[in-house]
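Subject: Handover of a structure, with findings

Dear colleague,

Please find below the structure that I am passing on to you. My notes on it follow directly after.

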Amino acid sequence: MAITVQAAADPTPTPPTPLEAKRPAASVAAPQPKAATPGNAKVDAKKAGKKDEKPKILARDLFGKAQSAADLAPRSIGWYAKGCLAGGVHLADAGPDWQTMRPSRNRAWGHPKLIALLKRLASESKKDGWPGLLVGDISQPRGGPMTTGHASHQVGLDADIWLTPMPNRILTRKEREDIQATTMLDKTSLAVDPKVFTPAHVALIKRAASYPQVERVFVHPAIKKALCQAAGKDRAWLYKVRPIWGHYYHFHIRINCPNGGCEAQPPVKGDDGCGKEVTDWLKSVEASLKKPEPKPGVKIVPDSERRRITMDQLPAECKVVLSSPAARQPADEAMAATPTGSTKK
Ligand SMILES: [Zn+2]
């Protein structure tokens with residue numbers, strides 16, 4: 001019998017990095033927040049390994065080559081997991097209260113509304129006791145599918161934020177490339193470690209979820225559980241925080257579609273998710289931990305490898321985005337602080 005594997009709603013897990021390599025998302029079946037990923041079809045694990053007869057040009061290879069944004073008005077096009085971004089804005093490597101991580105990936109691009117929100121969250125995080133934020137992947141310069149990791153992050157409306165606080169100094173470019181994030185989980189991988197996951201984390205995630213334009217925040221089920229327990233009486237924000245695989249080193253925020261032409265995500269249905277939903281998720285996590293390691297020689301195909309989106313499967317406008325001339329970045333971004341000791345891009 002074929003095993004059906006479903007990719008996580010934001011299979012952010014950035015599989016190739018050691019950060020998320022602990023449990024390949026591809027190896028487990030998740031209770032799926034269905035509405036989150038119309039772009040993610042179910043995949044037959046047996047078939048997934050087979051090569052297509054004709055080599056196809058994949059959209060991820062084309063979008064992965066774009067070095068800068070398309071010189072077009074800002075516009076998120078398509079679906080979070082099947083789309084692209086016109087007029088993307090680059091989040092500076094370092095600002096007063098943020099630094100971006102993994103600069104070599106060139107994924108610090110987003111819709112101007114998302115970039116503005118990230119700056120606001122970074123600034124307001126200080127009220128929650130944070131020295132500032134380390135920002136992970138946002139989108140590629142023109143959005144689109146990626147060669148590694150992330151099913152979503154395609155339209156410039158998704159961003160990963162580390163749960164490790166920003167250090168009180170500017171990291172070198174090498175450090176931003178190499179530093180590892182800290183897991184929030186304890187040894188069981190089923191609960192947060194209270195020595196690591198603190199009230200400051202609760203306050204930050206609550207703040208992010210409380211912005212009206214934020215539609216979803218994705219976290220590991222154990223983090224969701226901890227938030228449920230810490231929330232007290234003010235629980236109105238909790239429904240937006242959605243459990244998902246991975247996301248124990250970082251959380252993921254998704255803002256709403258700011259223009260016509262991108263697909264809105266249906267509102268979250270049901271309650272705050274602190275009852276059966278999170279319990280079921282944790283059962284699935286537990287079951288996945290008990291799964292035996294794959295036998296030697298069995299190749300695990302990462303989710304990112306299974307996704308073979310071609311240009312024809314993206315909105316037609318994405319071809320225009322791809323072929324448009326490169327935009328010059330606004331002066332404030334181009335001239336923003338370059339971390340000490342870094343080599344210029
Ligand atoms: Zn993400």
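Leaving aside neighbours within four places in sequence, which residues is valine 217 in contact with? They are Ile205, Ala208, Ala209, Lys240, Val241, Arg242, Phe251, His252 and Ile253, where contact means that the C-beta atoms of two residues, placed from the backbone, lie within 7 Å.

Please note that this is a predicted model, in which local features need pLDDT of at least 70 and side-chain atom pairs count only at pLDDT 80 or more, while totals for chains, interfaces and linings use all residues. Residues are numbered from 1 along each chain as its sequence is written.

Confidence

The chain has a mean pLDDT of 83, and 79% of its residues reach 70 or more; pLDDT is the predictor's confidence in each residue, from 0 to 100. Over residues 1–48 pLDDT stays under 50, and it also stays under 50 over residues 334–345. Where pLDDT is low, the predicted coordinates should not be read in detail.

Overall picture

There are ten helices and 13 strands in the chain. These are DSSP runs numbered from the N terminus, with helices being H or I of at least four residues and strands being E of at least two. Of the 345 residues, 45% count as buried. A residue is buried if 20 or more other C-beta atoms, placed from the backbone, lie within 10 Å of its own, exposed if 12 or fewer do, and partly exposed in between.

The largest nonpolar core has 70 residues, and those touching the most other members are Leu118, Leu133, Val135, Ile205, Val217 and Ile223. Helix 3 (residues 112–124) gives the most to this core, with six residues. Such a core is a set of buried Ala, Val, Leu, Ile, Met, Phe, Trp, Tyr and Cys residues joined through C-beta atoms within 7 Å.

Helix 6

Seven of the ten residues of helix 6 (residues 221–230) are buried, among them Ile223 and Leu227. Their cover includes helix 5 (199–210), strand 11 (214–219), strand 12 (241–243) and helix 7 (276–290). Glycine 232, with a positive phi near 70 degrees, follows helix 6.

Valine 268

Valine 268 is in the loop between strand 13 (250–255) and helix 7. It counts as partly exposed because it has 18 C-beta neighbours inside 10 Å. Not counting residues up to four places away in sequence, valine 268 touches Tyr239 and Lys240. From C-alpha to C-alpha, valine 268 and tyrosine 239 are 7.0 Å apart, although 29 residues separate them in sequence.

Yours sincerely
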